Amino acid sequence: MQNNLLVDEVEKIEIDLLLEAVFRYCGYDFRNYAFPFIQRRIVQRVKKENLSSISALQESVLRDKKAMEDLIGDFSINVTEMFRDPQFFSSFRRNVIPIVKNLPKIRIWHVGCSSGEEVYSMAILLQEEGLYDKTRIFATDINVHVLEKAKSGIFSIGGMQLYTKNYFEAGGKRSFSEYYKAVDDQVFFHPFLLKNVVFAQHNLVTDHSFNEFDIIICRNVLIYFNKRLQNDVHKLIYDSLSVSGFLGLGKREGIKFTSYENCYGEFDGQQKLYRKYK
């Protein structure tokens, strides 16, 4: 039992040192990510590289640029889909759109946009509601590689059946196939969906607010952070959201037990849509 505790403590020290090394070497700060998530990803990388220890991984990433990129990529979660959790988009369409449609301009920030599927989903929804032309969407992620994929608008045809189902459950009004062209095993979404989208790298941990937004979508990002970092990100979101603006979070996320709990009202609590009122 004592030996197991010692092994666990040594591993914790190794992980702390590795994360500190990554931060000092390239500025990416993963020190306040949820520990079980970080631990799992690091152990997987050690096995994949056939290394003897986490300390050996630290040496590798400090001396090999690709090894560092691979590890940072491991910490970037890119699980997404078009109209993911369609009831969220359905609620957004029914409840948020009638309010924001009266704004002269609409500014939206998609935080942790990954490969862009939810950004394209929002662009389609706004197009169908006649609001896309006066909207500017800022889509950010820490991972430059997935941002390049997002900019391309090219996705696997294998996901289209699920995406079409999600689209209609989210209240889609047209044929989903009108928004893309299929070529062999890929689909190319029409470029007009990107005309008002700006993709950019942004690090939630170290970067600051860069605009004021009417809507911020930050879904399934906070679950990978510890409580301290969650609260820091909520401060960034609060500082970036206009009064009466809307915040959309993921199913397992919320504002309770944060320093900003009393700054929002539940707009649709079941779908994790909130409205800032102070």
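So, a salt bridge here is a side-chain nitrogen of Lys or Arg within 4 Å of a carboxyl oxygen of Asp or Glu. By that rule the count comes to 19 salt bridges.

Before I go on: this is a predicted model, so local features need pLDDT of at least 70, side-chain atom pairs count only at pLDDT 80 or more, and totals for chains, interfaces and linings use all residues. Residues are numbered from 1 along each chain as its sequence is written, and side-chain values use heavy atoms, with hydrogens and water left out.

Let's take one pair to start. Glu 49 forms a salt bridge with Arg 45, with 2.7 Å between the closest N and O atoms. Is each partner buried or exposed, or something in between? On the cut-offs: buried is under 20% relative accessible area, exposed is over 50%, and partly exposed is in between, using a 1.4 Å probe and protein chains only. Arg 45 has 8% relative accessibility, so that one counts as buried. Glu 49 has 35%, so it counts as partly exposed.

Next, Asp 214 and Arg 107, whose side chains meet in a salt bridge at 3.4 Å, N to O. What does this pair tie together? Asp 214 sits in strand S7 (residues 213–218) and Arg 107 in strand S1 (residues 106–111), so the bridge links parts that are 107 residues apart in sequence. Strands, by the way, are DSSP runs of E, at least two residues, and helices are runs of H or I, at least four, numbered from the N terminus. Asp 214 is buried, at 8%, while Arg 107 is partly exposed, at 28%.

Now on to helix H8, residues 160–169. Which residues are buried there? Met 160, Tyr 163, Asn 166 and Tyr 167. Down the axis of H8, those buried residues fall within an arc of 120 degrees, so they line one face of the helix; the arc is taken from the directions from the helix axis to the C-beta atoms. They pack against helices H5 (86–100) and H6 (117–128), plus strands S3 (154–156), S4 (180–183) and S5 (186–189), where contact means heavy atoms within 4.5 Å.

Elsewhere, salt bridges that share partners join Asp 85, Glu 118, Arg 219 and Lys 251 into one network.

And following H8 comes Gly 171, with a positive phi near 95 degrees.
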